[in-house]
Amino acid sequence: MGNLNDLEGVVQERLHELGLQVTATSQNAGDVDLRASAPTSGGDVLLNVLVKAFLDERAARKLLMDAGTLSGSAIVAAPKISPAVGAILRDHSIYYLDSGGNAWIDLPGFKVQIAGQAPQFRPVAGVDRPSRAFKTAGSRVIFVWLVQPSLVAAPMREIARAAGVAVGAVHNTTNDLADEGELGFAGKKRVLLDEGRLARRWVEHFVSDLRPSLKSRQLSGPPPDWWLSRRAAWDAEAAVSGEAALALKGFGMRPTTTIFYSAPPWPELVRTARKEQGEFAVVLRERFWDPSINDEEGVVPPLLVYADALASGDSRQIDIAEEMARNEPHLRPFELTRSGGS
C-alpha cells in the first residue's frame, strides 16, 4: 500500500543501493520526477528518472512512442516491472527499476541486471493506478454478487463460474474493491460494505463500459407482446430485459423493442424472428452470467432490467424502471432511484 510520494522515496532508496546519486527535480521539469547520476567509465552520466504508478505491458508499449528520447538517457521506475514488461523496455534500450530492486541499466562501465525480487510497494487501486473492479470482467463479478449475495463469500472458482470469468479476474476484483472501500472481511469471509453504493456504481459502469463490450445483434421481428405470449418460441435459456421485461413484470409499459440476453449466436431466436417477420426491433445480447443465479425464469435479474432502462435514454422507460426499483424487494435496499428510494 502507499501513495506516489512513498513510491518516489522507495525508488530513491533502490537507486542509492545501486550506487547512483539522486537529486529531486524542479517543479517545471515536465514528466521527470528525479535525476540520477551514474558512475560510468567515461565519467558521471545524468539520467532522468520517470516514476510511474503503474506499468503493465500496455502502458510499456505506450512509452515506446517516446523511445527516442528515453533510450539510453532515462530510467523508468514503477512499483513492479514484470519480466514481460522488462523485455519490452530492454528491446528499446529503456532502462528500468522497480520497488523490489529489479533493474536493468546498460552504460559503459556501469551495467546492472537484477531480476526475481519481490515488489516492496503495492499501488492502491483507484488512487495510484486505474481500478480493475469495473472493467468488463470485474463488472461481471460485481453483478453476480449483487444478484446472488451468497456468492460474495463463495469460493473463487464458484464465483468465476457464475460470472463466466477467469479465477484471476475474481482475485483482481476482490483486491481492487477492497482498496476502494467497497469490500471488507469478517475474519476470512468477504462482505460488501455498502451494497447500495456498489449497485449504483455498477449501473453507471454497465451503461458506459460493460454493455458496449457485449456481443450483440439487432434484427427485425414480431412485436414484444408476441414474444411475451409465446415463451416456447424462445431459446431455452433466453431472458428478456428493458421495456419488454417491465411489461412482463406488470409495470404498465407498452414496449416496442424486445431485448433478449442469451448465448451467441442465438440461432433459435434469429430463426424465429425471421420466420415470423415483423418490423419491430429485436435486440440479441450476450448473457454475462450463469443462468442458475437468476430466480425468475424468462426475465433477467431486476438490476439489469433497471440498468437497460436507464441505458435506453427514454424518459418514460426510466420513470417506470424507477417505480420498479422502489417496489421490487431485491432492488429497494439499493436505493437506485433519483428520489433516494423513498
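In this predicted model, strand 10 and strand 13 (residues 280-286) pair in the antiparallel sense, joined by six bridges. Within this pairing, glutamine 218 stands opposite valine 283 in strand 13.

Another open sheet has seven strands in the order 1-2-3-4-5-6-7, and its pairing is mixed. Strand 1 (21-24) and strand 7 (110-114) stand at the edges with a single partner strand each, so one side of each has no neighbour in the sheet. Neighbouring strands of this sheet are turned by 30° against each other on average, direction ignored.

Strand 2 (residues 34-40) and strand 3 (residues 43-51) run antiparallel and are joined by seven bridges. Leucine 34 has valine 49 in strand 3 as its bridge partner. In general, the strands of a sheet pair through backbone hydrogen bonds, in either a parallel or an antiparallel way.

**Aromatic pairs**

The structure holds twelve aromatic pairs. Two of them involve tryptophan 289 and are set out below.

| Ring pair | Centre to centre | Angle between planes | Kind |
|---|---|---|---|
| Phenylalanine 143 and tryptophan 289 | 5.5 Å | 55° | tilted |
| Tyrosine 261 and tryptophan 289 | 5.7 Å | 50° | tilted |

Both pairs link distant parts of the chain. Phenylalanine 143 is in helix 5 (residues 136-147), while tryptophan 289 is in the loop between strand 13 and helix 12, 146 residues apart from it. Tyrosine 261 is in strand 12, and 28 residues separate it from tryptophan 289.

Residues count as buried under 20% relative accessible area. Tryptophan 289 has 5%, so it is buried. Tyrosine 261 has a relative accessible area of 0%, so it is buried too.

Ring pairs also join these residues into a cluster, which consists of Phe143, Trp202, Phe206, Tyr261, Phe288 and Trp289.

**The protein as a whole**

There are 13 helices and 13 strands in the protein. Its radius of gyration is 26 Å, well over the 20 Å that the globule rule gives for 342 residues, so the protein is more spread out than a compact globule. The C-alpha trace spans about 85 × 45 × 40 Å along its principal axes.

Of the 342 residues, 49% are buried. The protein exposes about 16400 Å², and carbon and sulfur atoms supply 47% of this area. Among the contacts with a separation of 6 or more, 59% are between residues 24 or more positions apart.

Terms used. Residues are numbered from 1 along each chain as its sequence is written. This is a predicted model: local features need pLDDT of at least 70, side-chain atom pairs count only at pLDDT 80 or more; totals for chains, interfaces and linings use all residues. Side-chain values use heavy atoms; hydrogens and water are left out. Two strands pair if DSSP finds at least two bridges between them. Helices (H or I, at least four residues) and strands (E, at least two) are DSSP runs, numbered from the N terminus. Axes are lines fitted to C-alpha atoms, for helices over the stretch in contact, and angles run from 0 to 180 degrees between N-to-C directions. The radius of gyration is taken over C-alpha atoms; the globule rule is 2.2 Å times the number of residues to the power 0.38. Buried means under 20% relative accessible area, exposed over 50%, partly exposed in between (1.4 Å probe, protein chains only). Contact means heavy atoms within 4.5 Å. Accessible areas come from the Shrake-Rupley method with a 1.4 Å probe; for residues, only the protein chains shown count as cover. Rings of Phe, Tyr and Trp (its six-membered ring) pair if their centres lie within 6.5 Å; planes under 30 degrees apart count as stacked, over 60 as edge-to-face and the rest as tilted.
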